[in-house]
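Please look over the sequence and the 3D structure before reading on. The report below goes from the whole chain down to single side chains.

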Amino acid sequence: MRNTIRDEKIGEKLPAADKKKIEDSVEEAIQWLDGNQTAEADEFEDKMKELKSVCNPIIAKMYQGAGGEAGGPSGMDDDEAPPFAGGAGPKIEEVD
């Protein structure tokens, strides 16, 4: 997420306040992860959901505002997708 908003093509489309909100949320999540490395899987999932609840609406609003500027009818290039879309990505599994 942090790399996404630092990308020039995406970062320039975000208002400074939204960018700061994402940066702060990511930093808070990283600090939580550093201090809770022995947390249960459901705690990690809850933290991820919390981060998504902050980031996804901002990114979605940005893509809606693109309104066809980039390729395709949605305003997104084929290789460009909102972060965390569809819950895809690495999963945390409990290991004995």
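## The chain as a whole

Residues 24 or more positions apart account for 53% of the contacts in the protein chain with a separation of 6 or more, where a contact means heavy atoms within 4.5 Å. This is a predicted model, in which local features need pLDDT of at least 70, side-chain atom pairs count only at pLDDT 80 or more, and totals for chains, interfaces and linings use all residues. Residues are numbered from 1 along each chain as its sequence is written, and side-chain values use heavy atoms, with hydrogens and water left out.

The protein chain has four helices and zero strands. Helices (H or I, at least four residues) and strands (E, at least two) are DSSP runs, numbered from the N terminus. Along the sequence the pattern reads α-α-α-α.

Of the 96 residues in the protein chain, 27% are buried. Buried means under 20% relative accessible area, exposed means over 50%, and partly exposed lies in between (1.4 Å probe, protein chains only). The protein chain exposes about 6700 Å², and carbon and sulfur atoms supply 49% of that area. Accessible areas come from the Shrake-Rupley method with a 1.4 Å probe; for residues, only the protein chains shown count as cover.

## Helix H3

H3 has 20 residues, which at 1.5 Å a residue should span 28 Å. The end C-alpha atoms of H3 are 28 Å apart, which agrees. The expected span is 1.5 Å times one less than the number of residues.

Which residues of H3 are buried? They are Asp18, Ile22, Ser25, Val26 and Ala29. These residues cover an arc of only 95° around the axis, so they sit on the same side of H3. The arc is that of the directions from the helix axis to the C-beta atoms. On the other side of H3, Ala16, Ala17, Lys20, Gln31, Asp34 and Gly35 are exposed.

## Salt bridges

Side chains of opposite charge can pair when their charged atoms come close. A salt bridge is a side-chain nitrogen of Lys or Arg within 4 Å of a carboxyl oxygen of Asp or Glu. The whole structure holds seven salt bridges.

Glu28 is partly exposed at 42% relative accessibility. Lys47 is buried, at 14%. Salt bridges that share partners also join Arg2, Arg6, Glu23 and Glu27 into one network.

Asp24 and Lys20 are four residues apart in helix H3, so about one helical turn separates them. Asp24 is partly exposed, with a relative accessible area of 40%.

Lys61 counts as partly exposed at 48%.

## An aromatic pair

Rings of Phe, Tyr and Trp (its six-membered ring) pair if their centres lie within 6.5 Å; planes under 30 degrees apart count as stacked, over 60 as edge-to-face and the rest as tilted. The count by this rule is one aromatic pair. Trp32 and Phe44 form it, edge-to-face, at 5.6 Å centre to centre and 85° between the planes. The pair links distant parts of the chain: Trp32 is in helix H3 (residues 16–35) and Phe44 in helix H4 (residues 41–66), 12 residues apart. Phe44 is buried, with a relative accessible area of 15%.
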